[in-house]
Amino acid sequence: MMKNTMKKLIMIAAGAILMQYAQAQTIDRSKEPAPGPAPVLSIKDPVIYKLPNGITLLVVEDHRLPKVTATYNIDAGPVTEGEKAGVLSLMGDMLNEGTKTMPKADFDEAVDKLGASVSLNWSGGYASALTRYFNSAFKLMGQALKDPAFTQESFDKLKSQELTGLKSQAKNAKAISARVNNALTYGKTHPDGEFETEESIQKLTLQDVKDFYARYITPSRGYLTITGDIKPAEAKALVTEVLGPWTGPKLSLEKIADSPNPGKTEIDLVDVPNAVQSEIHVVNLVNLRMGDADYFPALIANYILGGGAQSRLFMDLREKHGFTYGAYSSLGAARLQSLFDANASVRNAKTDSAVTQFLAEINRMRTEKVTDEELANANALYAGSFARGLEDPARTATFASNILINNLPADFYKTYLQKVNAVTVDDVLRIAQKYMDYDHLRIIIVGSQAQILPGLQKIGLPINFFDKYANPVTTPAAGK
Amino acid sequence: MQTVKNVFFALTAVAGISFSAQAQKVEFTEYDLPNGLHVILHTDHHAPVVAVSVMYHVGSKNEVPGRTGFAHFFEHLLFEGSENIKRGEFMKIVSANGGSNNANTTQDRTFYFEVFPSNYLETGLWLESERMMHPVINEIGVQRQDEVVKEEKRQSFDNRPYGNFINTVEKDLFTVHPYHNSVIGEMKDIDAAKLEEFKAFFKQYYVPNNAVLTIAGDIDAAKTKALIASYFGPIPGGPPVVYHKVEEPPMAKPIVDTFYDANTQIPLVAVAYRTSGHDSRDARIMQMISNLLSSGGSSRLYKKMVDDKKEALQVLAFNSTLEDYGMYIIGALPNGGTSNETLLKDIDEEVVKLQTDLISPEDYEKLENQMENNYVNANSRQLGIAENLANGYTFYHKDTNELNEELAIYKSITREDIRDAARKYLDANKRLTLYYLPGKAKAK
């Protein structure tokens, strides 16, 4: 009896020790843990339908939450507004002002009653609602696209709001920076460089809005993505009912000439006396398409320079020098020209030192090979962010529409990580030399000229002065 | 490098699974380690992603006078490295393993997180346990982050239009409660602090018994528990964290304040009231009032002031809830030449209407639908689920299940409750009127 109990106790004790072991294993804290086996990534293609009027419908079924979201995108490409600068955005706003049969108040009431979101803009629309209200919400979006009210009263209201809004941004260094960057880089007549002003908005009429609507709001080149608690066949039936009968002009992309980079690297300075930080953008134009062989090495090269919080710019300008809250870069890839842009908001006193560091880091990308470790880390980041992105059910629809819009091979995303992995340190060097155009940069600085000019002059680059609308200024105000 | 394989599911295989639309409960398990660390686990295998997060129950309200900004400063300092992670390596390890990470600080808590591909769960646990167990707090880290935080303050507040609005409201609504101070704090306080003070602050607040570890995503719960025991078990617990809420005396008379912001050209005029904390039913009611006033084109203030009278560029009404109190803020930006007084008068009319008349059954139905819609959207990502679970435990009397109960609370709120809450909190004699004006402050 006694013996048996003892035995039992020992067994229990042994069991307890084993349990303990399972609960807390000895680990070596001094080393980074090894990862588990890589998860298998599954990319579930959306169901794609093509409507006779030109709309491509992409449906991603996901029943985890009782909601459905629709996004409509018209691929008009960049559109030149010219003298009518600001008309497209105003036209988009006008689509939210009710329909021919439903004044704005009734329309808004109908949307809000569902607890839904419905909004329109010049390149499409958005509708999101609980599953049981989605059909109603989608119909409201469709009605607003096809049959906007376009009343003079709404137009006058939005125009006055637009003018007030412009005024509200007039002293905002970030807003000024965004405007002059594009204007100086692309040129003020380029669709990406032109911008609205008080004068251009004042001149707009309701007829201008109607004209641009007639030209650009159309089923042609339209991509409609529906994601969520809905079956593809149901989505197709709904879209066919609401947007199937819709007709509109056939869109073709504008032919836009390339803009030049400066002959020699220059500083372009815009004075905003109230600024406590300088907005610095180091930019040049690039011609890079997503389908190019250079695309994947360009992703990696940019990431190593300034894609994240452990890239060179962040580590140097923030962590090493403490000049800024963050420094980053981006390298665009699009059907048309886009930008290489390295940027930071830097306190006045360190503006010139930050410019010097930007130049040094760009130069280093072009003259020295990155390390194998940097390359491996960048590859791992892309692999991880690709996997993390799949948490968003709409991601696979974005993949599919990107393939269609950019004319990419069908397996572009399925072989994405293989292509990322194939990038070499020599590729990165070549890409930096080709796309980070050290000798033809614009260093565009928006800040308090009185405080930053003396430092900038010491860098020894030519300095051009501009006003807040990218007009050249001959006599710098703070040169005294 | 990871091997990546693409697997294509037949669509029909997925279409067969259909969840009941209403049964959208977030499942979880929770327990305490012997050192007091509270652990919450949520399993979801839909995507190969895991969120690892730690919520420390420390924010700017735990700071002592003359040492503001400490909690936020630690948000930066605790990325500087640990005994086993060299300075500058923390974020590099995250990205080199395909993860993303960040942290944020409020008046009440600090939240650190990583999101990784799910096979890097252990890396996330290692990083967060190193941070809790033995971070390196030294002069070089303090100096560097001191400069970075000053840049953050310039970028996020001093160079941004309306950047100092909320800080001004807090300063005026709270006189003795530490909510008076901004989260980012006074730069001179960090400058003056000695290294020993930072170390003491860490010892006091960044202990397992003052933290919640929440893991959400593609995990095996049993294996995860074992790993958590290994990484977090050896961290010693600390003395209980004691916090005494400072009672803010009722406002004796209305306050009027003016703030000048050189980055703006359009005024922002607002009224602000002190309300109850997170965990009260009243906080939910005030949320419904916000929707009624300013959410959507048919909301009362928007329709009246932006659409009908066209006198406002923008209206806002929101309940900023904190642990001890809340702030209810209603404001507008004028369109064209509308005067601030006109805007205030229109706001007041709507407040009085809420206090006098019951909202219509149609408006009530609208609110219910909006609340349900918000609820469905609140838990769509693993990181969001992790934070919501940790919030429940930290701020709702250890009720981790709070996120599942929220909708039922909203459904229990009546039209009378809405009227009564408007009467109780939106008292014209106990409020701040803030004129947030363009330009430079004149010498007083």
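Visitor: How many residues of chain B are in contact with chain A?

Guide: In this predicted model, 80 residues of chain B are in contact with 81 residues of chain A.

Visitor: Which elements of chain B give two or more residues to that side?

Guide: On the side of chain B that touches chain A, the elements giving two or more residues are α1 (11-15), α3 (90-96), β5 (110-117), α4 (121-133), α5 (139-158), α9 (221-232), α11 (300-308) and α13 (361-378) of chain B. The most comes from α5(B), which gives eight residues.

Visitor: And what is that side by class?

Guide: The side of chain B that touches chain A has 33 polar, 31 nonpolar and 16 charged residues.

Visitor: Let's turn to the domains; what does the assignment give for chain A?

Guide: The domain assignment gives domain 1 (47-243) and domain 2 (266-479) for chain A, and their centres, taken over C-alpha atoms, are separated by 30 Å. The contact takes 23 residues from domain 1 of chain A and 28 residues from domain 2 of chain A.

Visitor: Which element gives the most on the domain 1 side?

Guide: That is α6(A), with nine residues on the side of domain 1 of chain A that touches domain 2 of chain A, while β2 (56-61), α6 (173-186) and β6 (222-228) of chain A each supply at least two. By class, this side of domain 1 of chain A divides into ten nonpolar, eight polar and five charged residues.

Visitor: Now the open sheet of six strands; what's the order?

Guide: The order in chain A is β9-β10-β8-β11-β7-β12, with mixed pairing. Because β9 (324-331) and β12 (463-466) of chain A stand at the edges with a single partner strand each, one side of each is left without a neighbour in the sheet. On average, and with direction ignored, neighbouring strands of this sheet are turned by 20° against each other.

Visitor: In what sense do β7 and β11 of chain A pair?

Guide: Strand β7 (residues 266-271) of chain A pairs with strand β11 (residues 442-447) of chain A in the parallel sense, over six bridges, and I267(A) has I443(A) in β11(A) as its bridge partner.

Visitor: Which strands does helix α12 of chain A touch?

Guide: Helix α12 (residues 351-367) of chain A packs on the sheet and touches β8 (277-286), β9, β10 (338-347) and β11 of chain A, with its direction making about 25° with that of β8(A). Helix α17 (residues 449-457) of chain A lies across β7, β8, β11 and β12 of chain A, and runs at about 165° to β7(A).

Key: Residues are numbered from 1 along each chain as its sequence is written. Chains are lettered from A and ligands numbered from 1 in the order in which they are written. This is a predicted model: local features need pLDDT of at least 70, side-chain atom pairs count only at pLDDT 80 or more; totals for chains, interfaces and linings use all residues. Two residues are in contact if their C-beta atoms, placed from the backbone, lie within 7 Å. Helices (H or I, at least four residues) and strands (E, at least two) are DSSP runs, numbered from the N terminus. Ala, Val, Leu, Ile, Met, Phe, Trp, Tyr, Cys and Pro count as nonpolar, Asp, Glu, Lys and Arg as charged, and the others, Gly among them, as polar. Domain bounds come from an automatic or database domain assignment. Two strands pair if DSSP finds at least two bridges between them. Axes are lines fitted to C-alpha atoms, for helices over the stretch in contact, and angles run from 0 to 180 degrees between N-to-C directions.
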